[in-house]
Every structure is written in structure tokens, then in C-alpha cells.
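Me: Please show me the sequence and the structure. I would like to go through them by asking questions.

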Amino acid sequence: MLVAWLALAPRAQAAQLEQVLLFLGAEHSRLLLVLDEPASDVSSHSSPAVGSAPARATVMLDDTALASRLITPYLQRPGGAEMPVGQHGIKQLVFSSMGPRAQVVVELERARNLSITAVGDRAYLLDLRLPDTPPDASLPEAPALANWLAGLSMAPSKAHEPHARPRIVVDPGHGGWDSGAVGCTGTHEADVVLALARRVATGLERELGAEVLLTREDNTFLSLHERAAFANSRDADIFISIHANAAPAPTVWGIETYYLDVASDANAAAVALRENASVHTGVQADDAASRVLSELVVSGTSAMSRKLANEIQGAVVQNLSQLMGPGQTRDLGVKSAMFTVLVSTRMPSILFEASFLTHPDDEMRLRTPAFQRATADSIVQGVRSYLAATESE
Ligand SMILES: [Zn+2]
């Protein structure tokens, strides 16, 4: 048995475990536990399989509670805190409260060497490696994760001057080790939204003569703040972030578009929580959001974002309804929520959720080139309508 300890300053108030990220390599995995504030003490141990009990890695977070809505890319079993993983030697994750402690158990096919490292001031990285195997270089390191958690400082926004051609930043969500939502048959959100974003970019250039910049052109990781900073520093006229949706229930399907405002309903808030999970959660995000929100309302950006969202959602739903036939398109409408990636942008910005990877039919549609082409063409049409309306105002 291996035991690792991190001694930390005691705190009177209970912390909350808010988010869990799992990075899987073949023989080496890492688990990032993100709290809203530091745990008073963190300990971990590794135990081999005994009888029918699997090998385990256990982390105990003292004076820590489990957040009522724990954010993770893995589907939780209804009503339970067990998450089946079933990949690369990780059987499942089990979360529980043991008095004043939160306990995280990683059930393993074989016992692993483990170590735990503080990441920033409120996250912990559990490293799980099979004995006598080399480290997996594709997994993120603690310093990179600390930068990612902290976010990058924003470039100051310049006074906006009109461009000869509309300058549009298209942002394929996620990428690299952040695969985003994972579909029923294993489709990664990061891959499908990159394909869709490329089609949108091509269409905007060809149909509207726009100058289009993609935040990422391949499967690399960018923090939400880097994406927003990219759009701000290039003085974009419009920012379009493209995502695919996920829901705890596999029956949920459809298309929705978001703009930045306070959440329009509980489901909208949940989508924002999941997408914001790529950077940080909790009070800090809300503070930043409300601070920037007042600026947005004053500048009129929020109303313009809502207009852009309405044009895009309307065009996508109308065109896909015609193309895909009856019962194949579901309009979930335009909604507002506090998306980190939108909070930080200084131009009309929307976040498009192209369908649900957690719904079998939606996942199939998302993978279909005809669906992608029609969706991309419709987004272009929506942008065209938006530009025409704003030019005439
Ligand atoms: Zn996403």
C-alpha cells in the first residue's frame, strides 16, 4: 500500500468538490478534483484487489462536501454517485461523503502507483500509473492545468472600427485532452464540432466574403479565456462558438442556441455549467459574469447577441426541418445563460448546441455529412440575415 499526504492549512468552513476531470492514457491516467476552496487536508492510498473487491485508489478530502451537482464528462447513474468508466483499466469512480470528508474511489483493473499534487490553490491531481510503465506524455501536467484553472489574462479590448469585410471568429468547442461530451457510441464533441466549424468557416468566406478566423484548426486544447482573448485581440465583429449537447437523460434531443444573460431556465443553467466546466465554476464565474454583464447591457451587445442567436436558430431549424423530414428536427429555442466563453468576449457572441451526443439518433445525425453541411449552410444564412439587419439599422 502506498500512502501520500499533502498537509494544508486548516479551514473552518467546509469546501465543496465541484468538478472531476479524468484524463485517460493506456497504462497511465490522471484525475483532477476541483474544489471551490482548498480542502483542509488531502490524503490518498492505493490498495490491491482482495477477493471480489477490485484494486482501488482512494482520495480523502477533509472538511469537504460533495457539491449537489458534481460536474463531470461521464454520465452519472440516476440518483447515484457512481460513474461507470470502463476504459483503460479504470472500472468506475465512486464518490461518497464520510462524515466531514469527501471520498473519491477509483476502482481499477490492476493496482497502480499513485501520487497526488496540488494544482493551483483548490484543485488536486491524482496520478495513477501501472508499476514499471513509462509516463504517458499525452496527459496534461499540473502546471498546464493550473494555468487552465486560473484562466489567462484578457487582452484589453480596443475601440471597435468597422472592417471592410465582416470579421468572424468561429470557435470549435473543446479539443485536445478536453474531449467535451462523449456520445452513445463514443463520438467526441471536440471532433464533431471541429468538422462542423470548418464547414461554417468555408461557408462564411464563400457566401458572405467574410474574413474568418478559427480559434483552433486541429485537435488541440484551448482554454475558454484563450478563445475569448483570441476574438478580442483580433477585434472580431461576431463570435460563434460551436458545441454539441449532452444531457443526463438519453431521451433529450434537439437544437438550441445561447447568448449571454442570466440563465433563462434550469436546463439552460445546467448546459452552461457543463460547458463552463472547461474552465472554472462557482462564485468566481458568477461574479465575473455579473460584472461583465452590466457592461454588455450598456453597450447593447447582449441585445445584438440575442438577435444573432435568433437568426441562427431560426435558419437552422427551418432548413433542417425541410431537409430531414418530419419528426427529425426539434427546436429547443434560443436561451440565455452565463457561459464563460461568452462572458469574456466583447462582440456579439453566441454558443450553438448542434444536437445531443447523448441521444442515439441525434448522435447519428451529427456524424452525417449532409446534416453537417445543412447545419453549416443555415448558420451562414443566419449570419447573413443578422448582418443585413444590423447594417440597415
Ligand atoms: Zn461543448
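**Two helices in contact**

Reply: In α2, Ala195, Leu196, Arg199, Val200, Gly203, Leu204, Glu207 and Leu208 meet Gln372, Arg373, Thr375, Ala376, Asp377, Ile379, Val380, Val383 and Arg384 of α9. Contact here needs C-beta atoms, placed from the backbone, within 7 Å. Helices (H or I, at least four residues) and strands (E, at least two) are DSSP runs, numbered from the N terminus. This is a predicted model, where local features need pLDDT of at least 70 and side-chain atom pairs count only at pLDDT 80 or more, while totals for chains, interfaces and linings use all residues. Residues are numbered from 1 along each chain as its sequence is written.

Me: At what angle do α2 and α9 pack, and what is that arrangement called?
Reply: The axes are lines fitted to C-alpha atoms over the stretch in contact, and angles run from 0 to 180 degrees between N-to-C directions. The axes of α2 and α9 are 8 Å apart, at an angle of about 45 degrees. Under 35 degrees counts as roughly parallel, over 145 as roughly antiparallel, 65 to 115 as roughly perpendicular and the rest as oblique. The two helices α2 and α9 are therefore oblique.

Me: Is the crossing of α2 and α9 left-handed or right-handed?
Reply: A crossing is left-handed if the near helix is turned anticlockwise from the far one by less than a right angle, and right-handed if clockwise. For α2 passing α9, the crossing is right-handed.

Me: Is Gln372 buried or exposed?
Reply: Gln372 sits in helix α9. Leaving out residues up to four places away in sequence, Gln372 touches Ala195, Leu196 and Arg199. A residue is buried if 20 or more other C-beta atoms, placed from the backbone, lie within 10 Å of its own, exposed if 12 or fewer, and partly exposed in between. Gln372 has 21 such atoms, so it is buried.

Me: How far apart in space are Gln372 and Arg199?
Reply: In sequence, Gln372 and Arg199 are 173 residues apart. In space, from C-alpha to C-alpha, the value is 7.6 Å.

Me: Which residues does Val200 contact, leaving aside neighbours within four places in sequence?
Reply: Val200 is among the residues with the most contacts inside the largest core. Its partners are Val170, Ile240, Ile242, Ala376, Ile379 and Val380.

Me: Why is strand β3 described as largely enclosed?
Reply: Strand β3 covers residues 28-35. His28, Arg30, Leu32 and Val34 point one way, Ser29, Leu31, Leu33 and Leu35 the other, and all are buried. Leu32 and Leu33 also belong to a second, separate core of 30 residues. β3 is largely enclosed by the rest of the structure because its buried residues number eight of eight.

Me: How many residues of helix α3 are buried?
Reply: Helix α3 spans residues 224-233. Among its buried residues are Leu224, His225 and Phe230.

Me: Is Asp132 buried or exposed?
Reply: Asp132 lies in the loop between β11 and α1. Its phi is positive, about 60 degrees, although it is not a glycine. With 7 other C-beta atoms within 10 Å, Asp132 is exposed.

Me: Is Ser355 buried or exposed?
Reply: Ser355 lies in strand β17. Its phi is also positive, near 150 degrees. With 26 other C-beta atoms within 10 Å, Ser355 is buried.

Methods:
Core = buried A, V, L, I, M, F, W, Y, C linked by C-beta atoms within 7 Å.
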